Amino acid sequence: MEWKSKLSGLARRIKALDDFVVVHHYDADGCSAGAIMCKALQRAGKRVGRKWVKQLYRETIAQIRGMGTNFVFVDFGSGQLAYLKEEFGERLFVFDHHQKTDVVHENQFSPFDYGINGGTEISASGIAFLFALEMDRKNIDLAPLALVGAVGDVQDFSGKLIGLNSQIVEMGSKSGYVKVENGLRLYGRVTRPLVQFLMYSTSPMLPELTANEGNCVKFYRELGIELKKGEQWRNYNDLSLDERKALSTALILRLNSFNVPEWKIQELFGEVYTFPHENQKSPCSEAKEFSTLCNACGRHGMADVAIEVCMGDREEKYFEALDLMAEHRRQLRQGIEHVTKNGVMEEEHYYWFDAGQEIKESIVGIVAGMLYGSALIETNKPIIAIARNEDGTLKISGRATKELLEKGINLGMAFREVCADIGDGSEGGGHSVAAGLKLNADKIEVFRQKLNEKIAEQIAKRNGIRGH
Ligand code: C5P
């Protein structure tokens, strides 16, 4: 395995050095990757500093330059390799799963170099984990974090993790740090009371249950499932095996009776990754909930809290993270309400809305993605959200669905190419289904027009290939 020998080569090189700074992204994948990297280095007896950043821009270098000797970038760096290389030379290490540019560096690990798709088969946390194993096999206990990042980047969108990720799942299960269950994939098995578990489901939408509290209560009553045990609201984890089966069957029948297509019904089920070494009542016991906890911290300026929890804190920082999670949920709900009230616009090749100052730029992309579960937009076009950065520039977030990937749409590439066209300090990129960029406010019209053209081009290119 070529990728493995590249990682073991990097591990050898890193073992010979000291005084590291781990620079990581602030979302779930960035924080879990950062935590894995810090742990692996600390366990190898290295001095390690760390710094999270929202987005890696040229200006970031000035903030980190004096922090240490060797710089390890996780979850970004591929797109920024040219100036990182210029600044850090051979003191630079990059472990990233984002799309690459033409620039190369001997200490850069990119899955794309080995025919592995960094968008769907491995995340930054997965790469960091595989690297950590090359440092020391004892780092196998970090397998849960590798899955937290992958799920945070929605690499399980087909119902389960695939490719190199699935090998990590296997390693995690064999060592007992991960448990794989096949079952209902709705979000909130651990933290949502039963009614909210159904009521907030957006993928798939549950006809007349999503956003309908009264019907959800009735639905459980008809199944004979108690909502409370004593004073305590029950959640999915508290259900017996028979209750779980009854709930799944009833949901299938309901979706069927509303003529929901088979493939949508399938979205309800798939692999769920839980972590037996954690308290089973904690969001840290399940990959999706753990990743939401990290996002909640990171996207609200507290990625340090997330990384402490990833590195094992289950006391002070953990409780702080739980509070941030509640706040995150409140802001997402508010964001969705705002867009619902103000509406979404439609161009030929994408939907869009301008959130003004009403939705934080750090969560506007999440809000945009959640709209796919609402009646506001269909899944036939990407959605583009506009918000304000603190410095007055615009933050643009884009989200697409897996159906759109099949049409040839790649938002990360579209954003990068449009930025290159516009110039003027605009910088962007990301993944095929989730991308972002920064733009000067007076360039918004030209951006919107160019994006429309770029997406049209991507679709035409795919159709052209099909036509041959
Ligand atoms: O912020 P948001 O969640 O919309 O970001 C989606 C993706 O776009 C992330 O992977 C992020 O790294 C990427 N992005 C980028 N350049 C930006 C903003 C976001 O590459 N200026």
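# Briefing: ligand surroundings, sheet and cores

Of the 18 residues around the ligand, those that come nearest are R299, K395, S397, R399 and G436, where a residue is near a molecule or strand if one of its heavy atoms lies within 4 Å of it. This is a predicted model, in which local features need pLDDT of at least 70 and side-chain atom pairs count only at pLDDT 80 or more, whereas totals for chains, interfaces and linings use all residues. Residues are numbered from 1 along each chain as its sequence is written, and side-chain values use heavy atoms, with hydrogens and water left out.

- An oxygen atom of the ligand lies 2.9 Å from a polar backbone atom of G436.
- One nitrogen atom of the ligand is 3.1 Å from an N or O atom in the side chain of Y57, and a backbone N or O atom of E427 is 3.3 Å from a nitrogen atom of the ligand.

**The six-stranded sheet**

- Six strands form an open sheet with mixed pairing, in the order β10-β11-β12-β13-β15-β14; strands (E, at least two residues) and helices (H or I, at least four) are DSSP runs, numbered from the N terminus, and two strands pair if DSSP finds at least two bridges between them.
- Because β10 (345–346) and β14 (427–430) stand at the edges, each with a single partner strand, one side of each is left without a neighbour in the sheet.
- Strands β11 (residues 351–354) and β12 (residues 383–388) run parallel and are joined by four bridges, and D354 has I386 in β12 as its bridge partner.
- Helix α15 (residues 361–370) packs on the sheet, where it touches β11, β12 and β13 (394–399), contact meaning heavy atoms within 4.5 Å.

**Nonpolar cores**

- A nonpolar core is a set of buried Ala, Val, Leu, Ile, Met, Phe, Trp, Tyr and Cys residues joined through side-chain atoms within 4.5 Å, with buried meaning under 20% relative accessible area, exposed over 50% and partly exposed in between (1.4 Å probe, protein chains only).
- The largest nonpolar core has 67 residues, and M37, F95, F129, F131 and F290 have the most contacts inside it.

**The surroundings of H97**

- H97, in the loop between β4 (92–95) and β5 (108–109), counts as buried because its relative accessibility is 1%.
- A polar atom of the H97 side chain lies 2.8 Å from the backbone oxygen of G118, and the side chain of H97 also reaches the backbone oxygen of I122 at 3.4 Å.

Key. Axes fitted to C-alpha atoms, helices over the stretch in contact; angles between N-to-C directions. Polar contact = N/O pair within 3.5 Å; in protein donor to acceptor, adjacent residues only side chain to side chain.
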